[in-house]
Amino acid sequence: MSDRSQLISTGKPFQYDKERDAEFERLIKRYPTRESMILPSLWLIQEQEGWISQEAIAYVADRIGTFASKVYEAVTFYTMYQLHPMGRNHLCVCRTLSCWLRGKQEIVDYLKNELGISPGQISEDGRFSLEEVECLGHCGTAPVVQVNGEFHENMDVAKLKALLAKLQ
Amino acid sequence: MADTIKLFVNGVEVEVETGKNLIDAIGAVGIEIPHLCYHPALGADGNCRMCLVGIEDGRPPLVPACKTPAQAGMKVLLDAAHIKKIQRDVMELELINHPTDCPICDQAGECKLQDYYMTYGRPESRMTVPQVQKSKKLDFGCGVVHDQERCVTCGRCVRFCREITKTGELGIINRTDDARVNIFPGRPINNRYALNVVDLCPVGAMTSKDFRFKQRVWFLKKAPGICHGCAKGCNITIEHNREKYQDDIIYRFRPRLNRQVNGYFMCDAGRLSYRQENEGRLLAARLGSQIRPLEDVLAACTREIEQAGKIAILLSPNCSLEQMVAVKALAAKLQASLSGFSTGYIKEGDGDGLLIEDDKAANRAGLALLGIDCSRESFEKAVRDAQLLINFNNDLTRTYSDSELKKLLKDTKVIIAATHDDRLSAMADIAIPVATSSEYAGSLINCHNILQTFAGAVSRNHKPANIGEIAAKLGSPLQSRAEQFAELRKYLSVLKDFEADTVPAEGLKLNESEAANVTA
């Protein structure tokens, strides 16, 4: 684990766009308490902005009507919430057992070499960010790479090369 | 005592109260189960695992005592080898990342981690990797300073802010060994009970900006007292020390458990009111602007009293019942008018229904009990008619502006028995230093009609007299506290079975008829 307590401030107030605003209102009816909306509303921010800023956390806390400290707890607990800006294309390589045995290291090494970044970093042009993650649940088709939320299974270097070329 | 049940601890039968968890039930009969996260006011959380005990009835080998209700016939194991091992192991885990900075830590001497380390196995560290580094000296606001490295993440402070004050400023950020208590950036602690988290913190993670580094806790003498900050009358511990060649100084007030009055907590304003006991005190008797021995000044007072045609006497609503009866008897003897006028002590809308009351006077109910007039009209009329006003520490500057006060008192000589050297005592013709509430013994009636007694805790170098003694020296027939207390019994039949020093520690709840007696 690492310290995720340093939030980044954008210096301007956060707001959901129209679509996410409607989604928030749709979802909140599902739950018995408003606090249940903490995790979904954080996903909505990440979907919209790609990452979650200090202002965005304060915004959802106030909108839900809970303590900002509670949202702060949740957002730092779950590592899939990104607390700093990511590349336009976010690559997650699974590093848990099956993927590891089936060659995730080759994929990571290739990406490191090709993009010039280590896991946890963003390429200089902002096109890619790379992360090693825990089990993505697709062990049967290991190794798995998740690109912008989409699964790419049975990956190898050749397939990855073709994939990267398509990503802007 | 409530209903009791019998259960076994380490094979020995003990009788405990029902409806409590094992920590409280067994703790009440003097058997300690170590615990960090559990606090009776905050409930069981079960996160620290320090209170694991064995129950011999087929349950899992270890259960948290904080979450286990005491039941009849239960066989609780505390001293078995596997329980001792788990306590030692939990201690070892707690100490993995804990800095060993006890010599410079403010909590040293009242730290649960220190105590438990010494009691439960003294594990040696087996760590060969560097400790996790976190932030230190974080200013959380409201005078709370936090050291994340010392924290054991028991979450007491977090639960206090969420459950008691309902302001929720604190949270536990991150997870695993990076977990730490923090505020959300830009939203510091902002409530009127914040410093309770310093008391709640079992270790040195939360310290008080006001108290830290002032005094090692083992030098502090502790004496019970009652906070005079408002009509609630929270029970406190007065912690004071006289350093060599110095005066007896109060270093802090801390709340003292009284379920009937304040529970475990007190407000920050009351807690910091100890400063007024130390600072700005009137240290010597004054005749005009000259400092004179108390005897000379009292003799001058007696001359003034003899010369004055009409006398008005004013009492502070903070005076103890004993002081009030003594002054009342003095007023009767001098045929003086007596008032307790003090509307300036009431801050309308300041109370919060928790522990803070609108009325910043500790004993207004006492004035009512003794039938002392508190109206503005009669006080002002009495002052205008009188040639002499004897003011027993009523802070008139709370009620009047300086110009109003000068106008009101322009034809009246003023004798003041004052605790503080302030604008008011400077205005008086004669000023006599008197003791504050930490320096004398007395009793009070709080806003819920609970009579509480307190004893003097601190003895100052300038030896201020009690208002009761001053009243006696000016001619009150009630010469001692015993006589004053005997007089009190005439007003409160409930006191017939008690002496001043035998009133129960939790106070006496006055019943309706006695409360009704009050205005009669």
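Tutor: Helices (H or I, at least four residues) and strands (E, at least two) are DSSP runs, numbered from the N terminus. The model is predicted: local features need pLDDT of at least 70, side-chain atom pairs count only at pLDDT 80 or more, and totals for chains, interfaces and linings use all residues. Residues are numbered from 1 along each chain as its sequence is written, while chains are lettered from A and ligands numbered from 1 in the order in which they are written.

Student: Buried or exposed? What does Thr66(A) count as?

Tutor: Thr66(A) is partly exposed, because it has 18 C-beta neighbours inside 10 Å. Buried means 20 or more other C-beta atoms within 10 Å, exposed means 12 or fewer, and partly exposed is in between, with C-beta atoms placed from the backbone.

Student: Which residues does Thr66(A) touch?

Tutor: Leaving aside residues up to four places away in sequence, Thr66(A) touches Arg34(A), Glu35(A), Ile38(A), Ala61(A) and Val71(A). A contact means C-beta atoms, placed from the backbone, within 7 Å. Although Glu35(A) is 31 residues from Thr66(A) in sequence, their C-alpha atoms are 6.6 Å apart.

Student: How do H2(A) and H4(A) cross?

Tutor: The axes of helix H2 (residues 38-49) of chain A and H4(A) come within 10 Å and cross at roughly 70 degrees. H2(A) is therefore roughly perpendicular to H4(A), a term for angles of 65 to 115 degrees. Axes are lines fitted to C-alpha atoms over the stretch in contact, and angles run from 0 to 180 degrees between N-to-C directions.

Student: Which residues of H2(A) and H4(A) meet?

Tutor: From H2(A) come Ile38(A), Leu39(A) and Leu42(A), which meet Lys70(A), Val71(A), Ala74(A) and Val75(A) of H4(A). This contact has six nonpolar residues, no polar ones and one charged. Ala, Val, Leu, Ile, Met, Phe, Trp, Tyr, Cys and Pro are nonpolar, Asp, Glu, Lys and Arg charged, and the others, including Gly, polar.

Student: How many residues of each chain are in the contact between chains A and B?

Tutor: Chain A supplies 15 residues and chain B supplies 18. On the side of chain A, helix H4 (residues 68-77) gives the most, with seven residues. That side has six nonpolar, five polar and four charged residues.

Student: What about chain B itself? How many helices and strands?

Tutor: Chain B has 16 helices and 23 strands. Its C-alpha trace spans about 85 × 50 × 45 Å along its principal axes, and 46% of the 520 residues of chain B count as buried.

Definitions and conventions:
Contact = placed C-beta atoms within 7 Å. Parallel < 35°, antiparallel > 145°, perpendicular 65-115°, else oblique.
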